[in-house]
Amino acid sequence: MSTFALNPPADVQVVSFFITGRLNGQNDQTAFLDNVLEQLLSLLHQDVPELLTEATKHAHLLRLLDAAAAQCHSRSESLVLVVDGLDEDAGGHSIASLLPARLPEGMRIVVAGRPNPPADVPDDHPLRCGTAEIRTLTPSPQAVAVRREAERELKSLLHGPARDLLGLICAAGGGLTAADLAELTATSSFEIEEHLHTAAGRSFSRRDELYLLAHEELRVTALRMFGPRLADHRERLHAWADGYHDQGWPESTPDYLLHGYAAMLRSLTDTTRLVSLVIDRERAARLRHRTGGDAAAYSEILSAQQLVLDHTPADLLSTVKLASARGVLGAHNGHLPVKLPTVWEVLGEPQRAAALAHGIVNERTRSEALAMLAKTTAEAGDLARAEETADSVSDLSYRAQAFTDLTLIAASAGDHQHADLLLTRARAAADQIDDARASIHLARAAHSLGHRDQASALLDSGELPDRDDLSLVTVELVACAEAVGDSRRAARIIWAIPDKYEQVILLCALADEAFRQGRTERATTVLDIAEVLALQVDNQVERVCALSKVCQTANSRDRSTAVADAAFAEARFVDDEFEDTPTLAALVDCALACGDLQRAESNARMITRPSETAEELVKVAGLALEMGDRSRGETLAAELMTSHAPKDTLAELALRVAQLGEHPLARKLAERSEAISRNGPTPYFDHVAADLTSALCSLGWYEEAETVAHTVVSPDASAEILTTVLSSVGPTGDRDRVFRLADAIEVALSRLTVEHVHERASQAYLTAVTAAAEFSRATTIIDAYPRGRARAIAIAIAAVAAAPIDLQLAIRFAERAEADVHQLSRTGHYMPYSDIAIAYDVVGLTDRAMEIADRQGDRDPALRTMATNAARKGELDQARRLLELITDRYTHQSALADVAAAAAMAGSIKEAEFLAAQIEAEYRRDEPATGLAIAVAKAGEFSRARQYADMVKDKDHRFVLLGDVAMVAADAGENTMARQLLQEVLTTADRWSRGLKALGKLEPDTLRAFYRLYREAQG
């Protein structure tokens, strides 16, 4: 089999997997899927998401086999899948059951193993029903002789000094080194190697320093001979692992405990030990250090999840633990600077670069990092490895970008044949999406290969209709039009934009491209026009920024200096403190364009926001090193590393420093950036606290909910979570708790410094206080507002919150809000008539609400909310009438979505479906689909509920919905359905904690157990 796989006929493509029962990690479905998927992807030059779930890998395998067979057939070739050793399969679910029963044209499967297939192979499968062509192999006399000799040797080993080694290797499933065995047996590596190379030489083989039994028959025989006594050797391995766990997984941790041990536990289906192992944060940190990223740890968690799910019913506490560990890895990797992997590539550590990039859990961020990494690798001359990296990009936009970059690099190197193939792959990705930028980049690549008509057509598709404003797409479109020689298109786009500042930006992009193309005279002429227009820009700040752009684009120091002087002169007239940052940043760019490092640094330090100061100082440090001013550059770099510079800023500087050849400094910057990313605060932990608090409140466990809320550090999240608890306590809850929560929220609010965040949190707090029937405190909060728009909105909010508890008080609040607005209306400021109209509508004074709404020039927002409220109360005729009054098309679409969702939740399913069908904007269809899913679930139609849930495009929204449907199913006694939905949320969702409320509904004790684990983790 191996000879055929390595040397197939000329017209045969082979994909193979050799099952090795004596080596964990090479003998189960997981190993088979990972190995064969990788080979098929390489054969097809395609990609699927790097971090697949175990549940979806088989479907991807079948699709890829079909695609590979079709590709081979089109070339008059055959595809053969070779699987050797089916009888050595050690997994709970067999590899044989994954093999397709019906093969596409041009494909064959060749397997080797014992005659009887595993029990989970379907009855109609060729391996079981007899339609497969079976050839009985005659045993090789030489192999039989060698095996008999090895078996005799094995029997002698069982009664000799090497018995211990044999037991440990069998128990471990392979993967132990001489040093590992020496540590386990308290002997020396020399003695171990003596035993395994002399007396036991025929029984053992060595693979990459790892010892295993020489043949599967020997492993099976040894397992039979040891019988239950092998458990003693397994216990020694467990104790060995426990010892390293107790030490915190130090640097000396053997590779087996970081790789092979988890596979051994999987093969034993020891879910308790396996879960504890893979969620261990210290071990994950050691694994990250050993491999350079978190991809291995993430893969272990996914495999453990699948093992837990294979048990019926699945252990939900283990599932939650694994979800939490997966979330922590995602949180730390999701915030890695996207340029960091590229830094390590430039520093000559490609393995670390790849591990970092592949370890990023968020698909889009990972794809961006990989695309950047592929380009850098290609620019360094390793196009083959760059292509492999581009192959692993799953997001189609970044995949198109990666292959477009490689096309341009190959074309510039003169390899046009390869570049054409790369361009085809770039187009294959771009054709599946509607992405103007992808089309523009492809146009540039096509032009570089002489495909002028193709380039023009691609530019046509990249030019958005009726676009008359500045955007990144517009800038790239103008530059690309200039690059391909389509100056008329570039001019038409520029002059179609009425704003002078935006015209300057586009003219500079055009000039910059012309300079790169060597068309200096044209570039200078265009830049002259840009400079004249820059001086005519009305807004003072934009005028400075426009001059700065001209300064940066100029190709001579004299011109840059002259334009910079003009920009600095104009900047003196900017007197708005809120405009300081963009003005100063523009002046920094001017100084840098002139090579004036001192002036650039001085202006950067005048910026008040530390993060934005850091961004500008990065530019200064990079140019200082480039110009040879090492003292300034290194001093600034050291300052940035010890300050609170953002991680992305440090990664940006690290990349520039690495590209300049300053590798020791770049390494320090990169390590600091990564440390900040992994150890700094992330929204993930606040999200878990918020969702856990909500779940605890849903069960009335307010004491525990308060405890969780007080673990949150950030004031905005603290205020939000405490408000959730207060809202749950309600008007009849414990008054002492209400007062305590209200006091804590006010402390959190006092720590908020960002105005709009404080306003939003304060409004939520006012709603909760009013709904808790603390009307005197609500009035105190309102009175603390200065008279104006904000106070009027606050009073209206209080009216809405008070309506269900004290209608007369709610009416008085609404009237007070109106009176406040009436007194202020003469100031000419925008007044919140919509908010007051909504308040009147909620208290039942609909006519008054309409009168108030009419006072505002745009009454559509109020009508939208009023229509939704009517639908929520089941007043569908009123909702329809209000919908008809909405004139703005966008607001009408939004209102349709809201009303449809409200109608569904009120039980009017047919009406909701009718309204939902009128929604044209796809992104607005999530709300009605959500309402309909809940409504049909309450009617017992869970399969239909699932269909509606699958229509929800927003992933986070969809998982919230699945959790809600799970709770409906639990209420209906459909516990199996509820568990399936909950398991999907816990094992798949990025914000898995959305499922905690459903977990509390299904298994309250499990939620309490997770709460205890959460408290322990918080210290």
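The side chain of Arg791 makes a polar contact with the side chain of Asp820 at 3.0 Å, where a polar contact is a pair of N or O atoms within 3.5 Å and, within protein, one atom must be able to donate a hydrogen and the other to accept it, while residues adjacent in sequence count only if both atoms are side-chain atoms. This is a predicted model, in which local features need pLDDT of at least 70 and side-chain atom pairs count only at pLDDT 80 or more, whereas totals for chains, interfaces and linings use all residues. Residues are numbered from 1 along each chain as its sequence is written, and side-chain values use heavy atoms, with hydrogens and water left out.

- Arg791 lies in helix α43, which covers residues 789–802; helices here are DSSP runs of H or I with at least four residues, strands are runs of E with at least two, and both are numbered from the N terminus.
- With a relative accessible area of 8%, Arg791 is buried, because buried means under 20% relative accessible area, exposed means over 50% and partly exposed lies in between, using a 1.4 Å probe and protein chains only.
- If its neighbours within four places in sequence are left aside, Arg791 is in contact with Ile782, Tyr785, Pro786, Arg816 and Asp820, contact meaning heavy atoms within 4.5 Å.
- Asp691 lies in helix α37, residues 683–698, and Asp691 also counts as buried, at 8% relative accessibility.
- Again leaving aside neighbours within four places in sequence, Asp691 is in contact with Arg991, Ser993, Arg994 and Leu996.

**Two pairs of packed helices**

- Two packed helices are described by the angle between their axes and the distance between the axes; the axes are lines fitted to C-alpha atoms, for helices over the stretch in contact, and the angles run from 0 to 180 degrees between N-to-C directions.
- Helix α34 (residues 630–642) packs with helix α36 (residues 663–679) at an angle of about 15 degrees, and their axes are 10 Å apart.
- That angle makes α34 roughly parallel to α36, since angles under 35 degrees count as roughly parallel, over 145 as roughly antiparallel, 65 to 115 as roughly perpendicular and the rest as oblique.
- In this pair, Glu634, Ala637 and Met641 of α34 meet Leu665, Lys668, Leu669 and Arg672 of α36.
- The contact of α34 with α36 has four nonpolar, no polar and three charged residues, where Ala, Val, Leu, Ile, Met, Phe, Trp, Tyr, Cys and Pro count as nonpolar, Asp, Glu, Lys and Arg as charged, and the others, Gly among them, as polar.
- Helix α39 (residues 715–729) and helix α40 (residues 735–750) pack at an angle of about 160 degrees, with axes 9 Å apart, and that makes α39 roughly antiparallel to α40.
- Among the residues of α39 that meet α40 are Leu722, Val725 and Leu726, and the residues they face in α40 include Leu741, Ala744 and Ile745.
- The contact of α39 with α40 divides into twelve nonpolar residues, two polar and one charged.

**Positive phi in two loops**

- Thr269 is not a glycine, yet its phi is positive, near 50 degrees; Thr269 is found in the loop between α12 (260–267) and α13 (271–278), and is partly exposed with a relative accessible area of 42%.
- Ala773 also has a positive phi, about 70 degrees, although it is not a glycine; Ala773 is found in the loop between α41 (755–771) and α42 (775–784), and at 25% relative accessibility it counts as partly exposed.
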